[in-house]
Amino acid sequence: MMREVFPLNRWWVAGFSWELTDKPLGRTFLNRPLVLFRTPDGAVAALEDRCCHKELPLSMGAVEARGLRCGYHGLLFNHAGGCIEVPGQPAVPARARVRAYPLREQDQILWVWIGATPESQPQDEPPRYAFHADPRYTFGGDCYHYDAPWQLIHDNLLDLSHLAYVHLKTIGGNPGAHMNAQLTTTSSHETVRVVRRMPDSEPPPTYTAAWPFPGRIDRWQEVNFRVSHCEIWTGAMDAGSGSFDDPERAGFHMRGFHGVTPETTDSAHYFWTVATNPHPDRQDITPLVVGQTALTFAEDQVVIQAQWQNQRRFPGRAQVYIPIDDGPTRARRLIDALLTPQQPP
Amino acid sequence: MMREVFPLNRWWVAGFSWELTDKPLGRTFLNRPLVLFRTPDGAVAALEDRCCHKELPLSMGAVEARGLRCGYHGLLFNHAGGCIEVPGQPAVPARARVRAYPLREQDQILWVWIGATPESQPQDEPPRYAFHADPRYTFGGDCYHYDAPWQLIHDNLLDLSHLAYVHLKTIGGNPGAHMNAQLTTTSSHETVRVVRRMPDSEPPPTYTAAWPFPGRIDRWQEVNFRVSHCEIWTGAMDAGSGSFDDPERAGFHMRGFHGVTPETTDSAHYFWTVATNPHPDRQDITPLVVGQTALTFAEDQVVIQAQWQNQRRFPGRAQVYIPIDDGPTRARRLIDALLTPQQPP
Amino acid sequence: MMREVFPLNRWWVAGFSWELTDKPLGRTFLNRPLVLFRTPDGAVAALEDRCCHKELPLSMGAVEARGLRCGYHGLLFNHAGGCIEVPGQPAVPARARVRAYPLREQDQILWVWIGATPESQPQDEPPRYAFHADPRYTFGGDCYHYDAPWQLIHDNLLDLSHLAYVHLKTIGGNPGAHMNAQLTTTSSHETVRVVRRMPDSEPPPTYTAAWPFPGRIDRWQEVNFRVSHCEIWTGAMDAGSGSFDDPERAGFHMRGFHGVTPETTDSAHYFWTVATNPHPDRQDITPLVVGQTALTFAEDQVVIQAQWQNQRRFPGRAQVYIPIDDGPTRARRLIDALLTPQQPP
């Protein structure tokens, strides 16, 4: 069996609901160029982005009530990829169809299921994401394109010690606190969890702007890696005012959703949102939190893309391992195991 | 014998007369980088675009009365490619020459003869093109560069059903009329002819702007493919006012010249002109017809380049054939036959 | 033994003193990406431009008193490439180090020693360059990046006959004088010397602007090639006023330093300065001389990059040799000999 390059037969993040308007959207996932579209009745679909006639991208076509029409000679395809009209001739050739991919829309996230073969079909539904619908929270987000392999983004998310050096202006700075945080890493078959705690620390700039902390804070960072995405709960409460282990702990929360979907082996889509709980006595600072998060993630993008360019300048060189690499290393081993062909029983 | 990539030993369009001023013009044809120039006496020539000394493009040089002088060390080459002066030394080395290609200027079109070997020479002259010199017609045109293989441009010209979806704003729109046009395709050893007729149809925007049609029109499109170029006669007369088969039929005419010359296997030059017969009662609308044609061909360029990019994203995939592909398919077979080495008798 | 691509175990120009401020400077030499930096005490160093942890370029990091700190996770490296701090952990792994390259700063030139192996070390010091410290002279310069192989730049410097055609506006023009100059070429194991003399010639525009020549001039060009750089002494005196052979000859002098360091096989750094002796009766024209030299060298850059692009369009083609190629040809043979592995005795 050939070793796969990406984990297949699973749901990947394809976009956000608000990205899919009355125009088709071309986007490549796992080396497969797809077109996403939404018909006026609201139904969404994902097809191979190639008309089966002359191969124009269907993403250059037009959405109609019955489906997506090619912009070259007008062939019309329905949600299942079948061609249902060839202008100028009464019949449609039997071979006139394109591959369809299961697409789901849930909690304002679009999920696409990439199967190993056209026959393979999902046996489950994509995961829910509660904080896009929680009335205590407001959120915003964006889609960033990376000229770097997808796993470098997860490496970065699973080792937040980089905040000390990369994100001085927003959520970082104060190297000592970050590099010496209490760190716990656990993992299972398809998850890695990294918890970092910084008790009695200085609030960083974004925190001070968002929440009326009178002094020092107990701060947490909880990263939950799930192959297709990470959920990252960060936040802080007044120092000594509660327990890190209390799931209902008060204070300032930033709930981050991080969908990371490979585009090619060398590029990726990074779909992120951040949800926050506005303080009742303050003006809603969600736009500020989202804006600073956007800047923060743009800093990551600069670093990770430069890292990848440099890895290509120095091919085949080993990296020196240090203890903060525990989380990223577990996630990489987990992915490797998913890619290793299983012996048939 | 090695299979050729392009049809050789024939005339190809190299440019228009007005492009060749007092500066040399570098342009690649069939993978061969050439420089075209015109000396003050009006004589034109085409040489390999490489000084035989240090290999600077001769297209960076300067035209003089006796020929083209290299911009690095001043070697001077005549119209036949011979070096006739090496500054700073009395004699010219015998090996100092560059390959020359036969170049003709006729009806404001420059034709270059690309032979399989430096020894092969043309046995005929390039074809005439009457509508650049017909007093009833005025014309304009341009040269477009395509990042796509040349045959995709001919595919497009030989199947004008795409007007319905690609050129809605100018000469297209009204899908039903275009896709259901009467279609006749004929071919011979080196020609393909596609005739489409749309009797009793609505005039499209460009036609209405150019000619005072009182109502519906009888419209024709006649495409004549000639390997190196297409001649496309389109136009219309008042519905029912004459015969499609009358070569002297009245009405509005657009006579298109379409020289398509491969640059490389993946790129091409598209030299086009459109000639029209201004209506005696109207202001000359030639600039409008040429302007709208330029927009129309820019739309084709977007589609064809996207098609080619997409064909490269999906390598090795078969296309579904439909009846409107008859003309392009015949032209491709004809080219294939030209490229197949003939058995010696 | 494998044939080397570049001459190794020698000093190459890495930059100028004024380029190295409080920020690290990433630059690739001989296919080796390096970072140069200067600590606040003035000490300079060159390291491999790759953090040994996650491979971010160290040139994206920050200079501190003790060395250079990586911008991703904060590892700190000293001038010798040793990691002396890993934030967040007490010990530094033994393998945490990057390769250092000897770097010297002398006469405002930075010289880097590129050894064949990490163990090889310089046995000598880089050459002095007197005219950066001569009180009779003032100078300026710049660093140009070339998308062309380094030896094409030396070819150009060793054959100044190109001034006649490339530099008409500054130091050239007057083709007859340049192409028919008296030419003497000599060479030794690691040097080539080309002397051109143009007695009783017209002063070119830059000369007239810089010096009050009353009429015709005796002009000289002396090119001294030294593998890593050329020294080019050009200038002129009033015609008949002195001897070309007098080392203390009066007149207008332009002393050029030309460091040419390969970046990759297809690109190079060109570090140049020009020093001149201002005329006592005139306003200092050094800025004018440096500015015109900058324009002149930009003309060379256009020509040489076009030459290289064209050599790639016509791969494997032989060049026609003419006598002015003597100097460049000797330099190329000299380099070839340096690259040929020597038999052990």
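Leaving aside neighbours within four places in sequence, B:A14 is in contact with B:R27, B:F29, B:L36, B:A46, B:L103, B:L110, B:W111 and B:V112; contact here means C-beta atoms, placed from the backbone, within 7 Å. This is a predicted model, where local features need pLDDT of at least 70, side-chain atom pairs count only at pLDDT 80 or more, and totals for chains, interfaces and linings use all residues. Residues are numbered from 1 along each chain as its sequence is written, while chains are lettered from A and ligands numbered from 1 in the order in which they are written.

B:A14 also belongs to the largest nonpolar core, which has 249 residues. Such a core joins buried Ala, Val, Leu, Ile, Met, Phe, Trp, Tyr and Cys residues through C-beta atoms within 7 Å, and buried means 20 or more other C-beta atoms within 10 Å of a residue's own. The members touching the most others are A:A14, A:V112, B:A14, B:V112, C:A14 and C:V112.

Now for two helices of chain B, which are DSSP runs (H or I) of at least four residues. Their axes, lines fitted to C-alpha atoms over the stretch in contact, lie 8 Å apart at an angle of about 145°.

| Helix | Residues | Contact residues |
|---|---|---|
| α1(B) | 150-157 | B:Q151, B:H154, B:D155 |
| α6(B) | 326-339 | B:P328, B:A331, B:R332, B:I335 |

Finally, how do the chains relate? A rotation of 120° with 0.1 Å of shift along its axis superposes chain A on chain B, with RMSD 0.0 Å, using C-alpha atoms of residues with pLDDT of at least 70 in both. That is the relation of a three-fold axis. In chain A, A:D147 has the C-alpha nearest the axis, 14 Å away.

Key:
Axes fitted to C-alpha atoms, helices over the stretch in contact; angles between N-to-C directions. Contact = placed C-beta atoms within 7 Å. Buried ≥ 20, exposed ≤ 12 C-beta atoms within 10 Å, placed from the backbone.
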